[in-house]
Amino acid sequence: MRLLLVEDDAPLAAALTQALREQGFAVNHVAQGADALRAVTDDPPDLLVLDLGLPDRDGLDVLRQLRRAGGRLPVLLLTARDAVADKVAGLDLGADDYLPKPFEMPELLARIRALGRRLGATPSSLVEIGDLQLDTASLQVRRSGEPVELSRREYMLLSALAEQPGRVLTRAALEGKLYAWGEEIASNAIEVHIHHLRRKLGADRILTVRGVGYRLRPT
């Protein structure tokens, strides 16, 4: 899952970005509301983590503009405001959840996973596809009940394919799921990860659709 983090506190943003990437998310970061609106339009993420106290405009104004434009992007608000009115305003404007500051990282991760499950209509942290089982909470994968050791990128790629098994994802779409802005991507990075996944999961588990991309065989 690709996240856009909108947070102007540089140390907090750096810590959140690192922690989220370690949990298998591709994270992009901006510090201002105008940049957030531009990023959502130009390169839509899967989920927006939005701080309300931004230097150029209120986070509620960012949310208002997103919803007025008709976007249904899932939004998790981060706020240091403890007034009930601010929380109610955010939810009424279309936020999907909010988290008061200060917060513990496990709670933020749990809320993001919950929104991710809502995105994929998966009722729990366990995703089962044939003999494969992905646990999005522990980032563990099992095949026929046996654990499969995957690198972080391999897990991210498998998770992206598993979100919609059977659907073909292009190489560009997969790169967008795995890498944040500015990260150096080798020309054959996706092919290398696919090769490793096939070796670990079975050669026919991930199918190549020539000239289009890749898809996960549902069964």
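Predicted model: local features only at pLDDT ≥ 70, side-chain atom pairs only at ≥ 80, totals over all residues.
Local features were taken at pLDDT of at least 70 and side-chain atom pairs at pLDDT 80 or more, whereas totals for chains, interfaces and linings use all residues. Residues are numbered from 1 along each chain as its sequence is written, and side-chain values use heavy atoms, with hydrogens and water left out.

An open sheet is formed by five strands with parallel pairing, in the order β2-β1-β3-β4-β5. Strands are DSSP runs of E with at least two residues, helices are runs of H or I with at least four, and both are numbered from the N terminus; two strands pair if DSSP finds at least two bridges between them. At the edges, β2 (26-30) and β5 (97-100) each pair on one side only. Strands β3 (residues 47-51) and β4 (residues 75-79) run parallel and are joined by four bridges; Leu50 has Leu77 of β4 as its bridge partner. Helix α1 (residues 10-22) packs on the sheet, touching β1 (2-6), β2 and β4.

The largest nonpolar core has 27 residues, of which Leu158, Leu161 and Leu174 touch the most other members. Such a core is a set of buried Ala, Val, Leu, Ile, Met, Phe, Trp, Tyr and Cys residues joined through side-chain atoms within 4.5 Å, where buried means under 20% relative accessible area (1.4 Å probe, protein chains only). At least two residues each come from elements including β6 (126-129), α7 (171-178) and β12 (213-216), and the largest share, seven residues, comes from α6. Not counting residues up to four places away in sequence, Leu174 touches Leu157, Ala160, Leu161, Leu169, Ile190 and Tyr214 (contact: heavy atoms within 4.5 Å). Another core, of 19 residues, lies apart from this one and includes Val6, Leu52, Leu54 and Leu60.

Conventions:
Buried < 20%, exposed > 50% of the residue type's maximum accessible area, 1.4 Å probe, protein only. Axes fitted to C-alpha atoms, helices over the stretch in contact; angles between N-to-C directions.
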